[in-house]
Amino acid sequence: MNAATLEEACSILKDIDFSSKLSNERAGYVLLALAGLKGEESWDQATDNAIRIHDIIDIINGSVFNKTYKENSRESVRKGTVAPLVAAGLVMKNPGMDDSPTNSGKTCYALTDEMLKLLRAFGTDRYNRELIRVRSVAADRADGLVPNRRVAKSHIVLPSGMTQAVTKKGQGVIISAIIEEFLPRYAPESEVLFISDAEGDIYLDRCQDALLPTALKAAIESAEKTVGSPCKPDVIAWQPSTSWLFVCEACFSGGEIDEARKKMIGCMLRDLTPEIVYVTCFRDRGSLRKWIGELAWETEAWCMSDPDHLIHLDGSRFLGPYPDDIEITALSYDGMECLS
């Protein structure tokens, strides 16, 4: 890729819907400096290293950009450019550290994960998706919905183009990958109906089948009362073109779809019309190796580290549902029972 340019930096800021004051030449140089792009690196080489205002000015005044910002312009750079980026949730102040006084020489700034992903996606087909995410973060901050500190939430872009905040830590990373990487590849034009987030279940009702979201919610809540959480997968999405229900489990420290869990989930969803495709999703192949022996037959396995590859566990179909030809009268799972 070509080296990142000032014009492109200003263009990115304009795409986020910043005013001309926050997408001017100085803002463009500040963005390049925060991204560690000093004239030779391309956008996909952007970094999120924490640097001070003094460092930003030194980079801009370097031999590549050859601008002249005096040290006494530090406050203008901080107040006029960096502070608004922090307020918009695109730059973090003192990441991973206790707050220092604003005028302290130790105060440093770094790009947020969302902004870093946007910059690295510039010039690729991922750019528009990342732009939707960044705009959502900025809009939330403008509305006062989230605090200005770095939060443990990630804005994911649903197949519909809408955004949804989910917990960043633990399996939240895999859940984000399921929605943004797995579904577009293997269940295009699917509609996400349910996300099991660490801070609470998320039900989404934007669906071509108006009755399905309500029926799904009733099935999950009924199973929770009877069986408990082992029934509940992490992501459920419906693909209208096939009428398949993709039941995806983010296996971070457990929760793989083994034979018992597969039957539990099938029991929970038995009254819904769509046929079910079961997928256990992992962070990488190391995690997959740990759990592969526990996975149920006639299910799929997917790693976010290798998104273009899918493992099918036996059966006559590759990535498709199997008719339930087993009568389930009672199913025990860790001492809990699911009655049909």
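A residue is called buried under 20% relative accessible area, exposed over 50% and partly exposed in between (1.4 Å probe, protein chains only). The model is predicted, so local features need pLDDT of at least 70 and side-chain atom pairs pLDDT 80 or more, while totals for chains, interfaces and linings use all residues. Residues are numbered from 1 along each chain as its sequence is written, and side-chain values use heavy atoms, without hydrogens and water.

View 1. Cys-207 is buried, with a relative accessible area of 16%. The cysteine sulfur nearest to that of Cys-248 belongs to Cys-281, 4.8 Å away. Cys-248 is buried, at 0%.

**View 2. The largest nonpolar core.** A nonpolar core is a set of buried Ala, Val, Leu, Ile, Met, Phe, Trp, Tyr and Cys residues joined through side-chain atoms within 4.5 Å. The largest has 46 residues, and Trp-43 and Met-115 are among those with the most contacts inside it. Leaving aside neighbours within four places in sequence, Met-115 is in contact (heavy atoms within 4.5 Å) with residues including Ile-12, Leu-31 and Val-134.

**View 3. The helix α4.** Helices (H or I, at least four residues) and strands (E, at least two) are DSSP runs, numbered from the N terminus. The 14 residues of α4 reach 18 Å from first C-alpha to last. Val-77, Gly-80 and Leu-85 are among its buried residues. Just after α4, Gly-89 takes a positive phi of about 80°.

Conventions:
Disulfide = S-S within 2.5 Å. Expected span 1.5 Å × (residues − 1).
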